[in-house]
Structure formats: structure tokens, C-alpha cells
Amino acid sequence: MSYQGNKGKNIHGWFRYKEGFSEELVKNLINKFGIQSNDTLLEPFGGSGTTLLVAQSLGINAIGFEILPICHLIWQAKSNINKYNLEELNNILKLIETQTPQKVDLNFPHLKITQSAFSQETENDLMFYTHQITILDISQETRILLKMLLMSILEEISYTRKDGQYLRWDYRSDKIKQRNQTRLQQEKKPIKLFDKGDLPTVKEAFMKVLKITIDDINSLKTRSFIYDKSYQDFRQGSVLELLPKIEAEKFSGVITSPPYCNRYDYTRTYALELAYLGIDEIEIRQLRQSQLSCTVENRSKLESLENLYSSLEQHNRFLFCQKILNTNQVFEEINNALETRWKRGEVNNKGILLMVKNYLIELTFVILEMYRTCQQGAYVILVNDLVKYSGEIIPIDTFFTEIAEKIGFSPVTIYILPQRKGNSSQQMGKFGRTALRKSITVWQKP
Ligand SMILES: C[S@@+](CC[C@H](N)C(=O)[O-])C[C@H]1O[C@@H](n2cnc3c(N)ncnc32)[C@H](O)[C@@H]1O
């Protein structure tokens, strides 16, 4: 189901968006649920755009939403597949091959958490190429593609590695050197050193991805006619704010995967890429708050949702959603159980209580809007993971299926995939081992 299935698979492999779908999964679901070329798919949590891009490759219309600007750059570069001029790309490759990066007077627009992610030489070369692609006389599509490719190598050329919720830092970074110096002064044990090994130069990494991209474009050109046949639109912003404004009964189906309720903060994992696009600290905080509540820092969005629905003269929709949640026993049970465990001292961060509650509320709003904007007979296919906090399993798939039923959907099926991960060793010792499943829930608008 996951991005791992995309490795080496033409455009889907151009940026390693680890939270992405595999191309195969989307294709299988489109086939299985009979989505056809005149249909319009909705992808409320677009990510790297897999649903939209597969739809595009099959001549199916698609509209997606996504808050992160990096995802929009990725989608733009991939969805332009039909517009690239191979001669132009090969000329650029030759130019990079023969050129030596010069010293430039430009700095990487660091965020606090990305400081010292590159060696001085790497940072200079990165900014050299970044500047080069703005001054070369090339098409706008190629410029976007090259920017995306430079963004795609940031992790590889840096002292960081994405590791679950965090960035791991190589021992050569100033951040780690300073941290260990402070620990030594405090007579504490130094932190364990992480060695990323030899890092490629920017030139090597850039040339490598550009070569792969040229090969991919070359091989896809032979079946390119279908790519321009459909309507594709990927809108930047929160689905919670944008979907309520879409006309009713527009979509013939939904294939999506929201962020999981697992404290994973996309703005941290992709900090390097966001910084590269010039996103500053204030914007990062805004993006973090706009995410579907999946971190302990997220605040309630209820007030802003109420204002939004009022401004659309749809306050009754807001109240309906509230009623569905407030009369749901499982919703009450989950919140009470977490509250009890917090009082017993079993939950290590009170923010988890609010995060889970807000996650359940916000996704209910999205389901309500999916129902309204779907046509009769449309299937909604949603991939999600169960989560567990202090021994309390949150039955995400069955909970939302019950909510979807109350909203008006008919449940069709839940495909499940047992997970090996999901229990930290600390949690396992304390609360026992329980397999947390990954599920694909399927509902239909009758
Ligand atoms: C699990 S990923 C989806 C991956 C996608 N299926 C793919 O193939 O790349 C969830 C996505 O939802 C986005 N997201 C989180 N909150 C959002 C919101 N309020 N509105 C729109 N997108 C949101 C995240 O930035 C993330 O890219």
C-alpha cells in the first residue's frame, strides 16, 4: 500500500514522500470500484499527488487538496510529464556535467531546526544550482522540475535523515558538536553518534536524479496521449476550509489517506524541504495548526469551523456534525478512557487527549463534506492506521465507519493489513502486545 512500492517506478519515485500511496494500490482501487474516464475523483489529503497522478494517467478527472507547498511543487513537476522537452533536459544535464559550482553570495533560508544541516561547501553548491535554474533560459515547466529535483536531494546531501517523527543528525553537524560539548561541560554522557557515511556532492546527487528523470520521461513519452485528456486540479489549503465551498454531488469517488492520529508532524519531517521553498517560522506554525490534528501541539479548530459554516450560511451543517459526535457512544468512550488513564498517570502528555478528540472531530467534518460532494453511487475509499495510547486502542476504522453510516453512507467493506510496528517497546512492556491494523475502509453513497 505504501510508498515503498513506488521505488524505481517512473514519476512516482521522483520525490521520496514516505507517507504516499503506492501507484499500484490506487490503480487497483480504481479498477475494483469501476472508476472510469469521465468520472471525477476527490483526494482531500493529496500528499505527493499519487491519486491525482494515477487518475491523470488513466484519463480520469481529479481534484485534490493539500496544505504543504512542497507537495504542490512535487505534483506540478510530475503532472507536467507531457510538456517536457527532452533535448532541453539533456542540454541541462550536459551543462551541469561540464560546469563547476562557483562561490555564490546566497544563503539557504534556514529555519531554526534546519540550522547546520549542510556543510558549507554543500550549502554553497546547492544555492549555486538554485540560482542557476532561475537564470537559465529554459521553459517554466523545466524550471519547476529542476527546483523539485533539487528539493528531492536535500536529505541525501545533508547531515540529516528522516527517522519516523524526527530528523536524525550526523555527528559532523554543528548542532551535534555543540550539543555534545554542552553535555560534556555538564558532565553528562555524550549522545550516541550517528554516521551517515560518505555524502554525495550536490553536483553528483543532482546529476543522478536528473538522469533518472530524463529516462522516466523518455519511457513515458510513448503513451503520453492520455495525459492531456482529463481535468486535474490540486488546490493549496486546508480541506476543512476548502471542501465545504465545493458544490454538492461533484465527485464520482474518493481515494484518500488522511494523516494518521500518531503525533507525526509533517512540518518537522519536511522542515528542510519547506525551508528550501522559503517557508518561514510563522508560516511553519500556521501550517502545523492547519494540519488535521495529529500532533500534541494542535489546538481546537471548532471555533473557526463554526465561523466558516456560519459565513457560508450553513450553520445547520456544523450543528449536524456536532450532534453526530455528541450522540456517539464510542466517541464518548474513547475520550473518557483517555481521561481516566491521564488521571491514573498513564498518559505522558495531556496533549494526546485533545489531539485524539480533535482528530475524530475534524475527520468527521471531512466525511460529512465528502458525503455532500459525492454523487449517488460514489465510493469513498480511505486508508488509515489504528493507534494506541497508554494501552488504549483507538478503533479508527470501525469508529469512522459508524460515523459515515450516521452521515448517510452504506459501509461496503474494511480491508485490513496487520501491522508489525505500532507498539513501542515501552508500551509493550507496560500494556502488552496488540497488533494495530492498517485498514482500507470503503463506503458508498446510496
Ligand atoms: C498520508 S498523507 C497522504 C499521502 C498521499 N495519499 C500520497 O499518495 O502522497 C496525508 C496528507 O494530508 C496532508 N494534510 C494534513 N492536514 C491537511 C488538511 N487540513 N488539509 C489538506 N491536507 C492536509 C498532509 O500534509 C499529508 O500530505
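Asn124 comes out as partly exposed, because 19 other C-beta atoms lie within 10 Å of its own. On this scale a residue is buried with 20 or more other C-beta atoms within 10 Å, exposed with 12 or fewer, and partly exposed in between, the C-beta atoms being placed from the backbone. This is a predicted model, so local features need pLDDT of at least 70 and side-chain atom pairs count only at pLDDT 80 or more, while totals for chains, interfaces and linings use all residues. Residues are numbered from 1 along each chain as its sequence is written.

Asn124 sits in helix α5, which covers residues 120-135. Leaving aside residues up to four places away in sequence, Asn124 touches Lys103 and Val104; a contact here means C-beta atoms, placed from the backbone, within 7 Å. Lys18 is 106 residues away from Asn124 in sequence, and the two C-alpha atoms are 28 Å apart in space.

Now for the chain as a whole. It holds 19 helices and 11 strands, where helices (H or I, at least four residues) and strands (E, at least two) are DSSP runs numbered from the N terminus. Of its 446 residues, 39% count as buried. The C-alpha atoms fill a box of roughly 65 × 65 × 40 Å along the principal axes. Among contacts between residues at least 6 apart in sequence, 74% join residues at least 24 apart.

The chain is split into domain 1 (3-80 + 226-444) and domain 2 (83-216), with bounds that come from an automatic or database domain assignment. Taken over C-alpha atoms, the centres of domain 1 and domain 2 are 30 Å apart. Where they meet, 24 residues of domain 1 are in contact with 25 residues of domain 2. On the domain 1 side, two or more residues each come from α3 (69-79), α11 (266-269), α12 (271-276) and α13 (281-290). That side is made up of 13 nonpolar, 5 polar and 6 charged residues. For these classes, Ala, Val, Leu, Ile, Met, Phe, Trp, Tyr, Cys and Pro count as nonpolar, Asp, Glu, Lys and Arg as charged, and the others, Gly among them, as polar.

Next come the strands, which pair if DSSP finds at least two bridges between them. Strand β7 (residues 374-385) runs parallel to β6 (residues 251-256), joined by 5 bridges, and Phe251 stands opposite Cys374 of β7. With β11 (residues 437-444), β7 runs antiparallel through 7 bridges; there, Ile381 has Val442 as its bridge partner. Elsewhere, 4 bridges hold β3 (residues 160-163) and β4 (residues 166-169) in an antiparallel pair, with Thr160 facing Trp169. β3 and β4 form a hairpin with 2 residues between them, and Gly164 in the turn has a positive phi of about 60°.

Finally, the ligand. Around it are 23 residues, of which Gly20, Phe45, Gly47, Ser48 and Thr50 come nearest; a residue counts as near if its C-beta atom, placed from the backbone, lies within 6 Å. This shell has 13 nonpolar, 8 polar and 2 charged residues. β2 (61-66) and α10 (239-242) each supply at least two residues of the shell.

Key. Contact = placed C-beta atoms within 7 Å.
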